[in-house]
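User: I would like to go through a protein model step by step. Please show it to me before I ask.

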Amino acid sequence: MRSARVDLDDASTMELVNALSSIAAELAAREAPESAAACLEITEALAAATDLQESALATLIGRVDAAGEQQRWGYPSTRAWLRSKLGMRESRAKERLTLARQRHRIPEVAKRLAAGDLSYGYATTIADSVARLEDTDCAQAEATLLDMADQGFSAGKVAPFGQRIRDVIAERDGTEDAPDADTKHGYDKSWITTTRSLDGGRYIKGWLNPEDAAIWDGTLAPLAKPAGPDDRRDVSERTAAALSSVLSGGHKATKVTVICDLETLTGGNAPARLTDGTPIPAAQARRIALAAGVSPLLLGRGNTPLYLGHRERFASAAQRQVLETLYPTCAVRECETPGTLCEVDHVGGWALGRSPTDIDQLALTCGWHNRFKHTSPNQIHIAKDQDGRYVYRLLPPPDAAVPRATSPPSGFDWAA
């Protein structure tokens, strides 16, 4: 095994990260010891070291988030950067971002995490518990929850106590949840109740009768479908995003589109599909048409969409329908925004006269990346995949001078 000496006092942050990467690679390549007792001891020590790394990550993520640096690299939000570039699941990205944003509000938690006196699990639990509290209540909640951790309560038991703290504060301030509406309403009429939370959001509860439920399904279900295999949002998060789009009017640029044969809409049994490829029975397709309005996209020979290109500024409704069949998500490879919520983009830039409004010169991009492409054209690489769809890839900003992790020797001698 080769070795290299790293002076901890003089080493840069990136040199320390490179050394850490080398040690991690060596650990990953080794077989576990035969002794289960030794494995238990090593696991506990390694987990404690990992928690220290999480403290460093929270500091770094917090700096990126506060400066908005991720936007220079083509990511609309810090969470999108964590998901797309770092490969985190949505739950982990949210957890780390919450800790990064709350560190300054829970100084004792941050101090103890960095010193190795508090685990990452406790730190993220407390950060999430105080995220929706005012600063004055935050300090008291931090002390209370830390005391529970010190008493030996598990992080799983601290979490519901943090929720209870929020409930007590809501009751004190008169913002608690409304009484159970189920006991006050029948099931013939739809009803919805909302209660404002401390951070300005709203809790929503309600019931939809079958007729209104059909409208809900026909309007929101197509918008709440997964945005592809990399969409890590759960059903509730996708549904909330779809509802927000409808309330803000974002859905007006598109209609519920069912791709089918004409016979299906006139009583046939041939199945239809939504723009994301989800197959739906003919009966459900007709129900969507009755409940929420439908734009049927009829298919010609070989299931080829029938369309005409136009040299006009804006794409026609028919062109948009075709694009939604081609782009289930934003054309930017790293972006997860559903195509139904995207804007039509002229690939070559219509204002520059290079891209007419013809179907083979158009793509779908989210509003953020559409503007990013216009303001930072040198950071978008455009190509076509084997199916003829445009694929946009994000490139680093031209002035980026961020050092990258190298592959240092596999072993290190440490100098304090």
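This is a predicted model: local features need pLDDT of at least 70, side-chain atom pairs count only at pLDDT 80 or more; totals for chains, interfaces and linings use all residues.

User: Is R96 buried or exposed?

Analyst: R96 belongs to helix α5, residues 90-102; helices (H or I, at least four residues) and strands (E, at least two) are DSSP runs numbered from the N terminus. Buried means under 20% relative accessible area, exposed over 50%, and partly exposed in between, with a 1.4 Å probe and protein chains only. The relative accessible area of R96 is 14%, so R96 is buried.

User: Which residues is R96 in contact with, leaving aside its neighbours within four places in sequence?

Analyst: Contact means heavy atoms within 4.5 Å. With neighbours within four places in sequence set aside, the contacts of R96 are E54, L57, I61, M88 and Y120.

User: How is the aromatic pair of W368 and F372 arranged, and what is the angle between the planes?

Analyst: Rings of Phe, Tyr and Trp (its six-membered ring) pair if their centres lie within 6.5 Å; planes under 30 degrees apart count as stacked, over 60 as edge-to-face and the rest as tilted. A search of the whole structure gives one aromatic pair. W368 and F372 form this pair, with 5.3 Å centre to centre, and it is stacked, the angle between the planes being 15 degrees.

User: Which element gives the largest share of the lining of the second largest pocket?

Analyst: A pocket is found on a 1 Å grid over the protein atoms alone, as an open set of points where a 1.4 Å probe fits, with protein on both sides within 12 Å along at least five of seven lines; lining residues have an atom within 4 Å of a point. The second largest pocket holds about 1400 Å³ of space. Its lining has 50 residues, and those closest to the centre are S236, E237, A240, A241 and S244. The largest share of the lining, eight residues, comes from α11.

User: How many residues in the lining of the second largest pocket are charged?

Analyst: Ala, Val, Leu, Ile, Met, Phe, Trp, Tyr, Cys and Pro count as nonpolar, Asp, Glu, Lys and Arg as charged, and the others, Gly among them, as polar. The lining has 23 nonpolar and 11 polar residues, and the charged residues number 16.

User: What is the N to O distance in the salt bridge of R72 and E69?

Analyst: A salt bridge is a side-chain nitrogen of Lys or Arg within 4 Å of a carboxyl oxygen of Asp or Glu. R72 and E69 lie three residues apart in helix α3 (residues 69-72), about one turn of the helix. R72 is partly exposed at 33%, and E69 is partly exposed at 26%. Their side chains meet with an N to O distance of 2.8 Å.

User: Which residues do salt bridges that share partners join into one network?

Analyst: The whole structure has 14 salt bridges, one of them between D385 and R389 at 3.4 Å, N to O. Salt bridges with shared partners make one network of R79, R83, E90 and E336.

How values were computed: Residues are numbered from 1 along each chain as its sequence is written. Side-chain values use heavy atoms; hydrogens and water are left out. Grid points are joined across faces, edges and corners, and a volume is the space filled by probe spheres set on the points.
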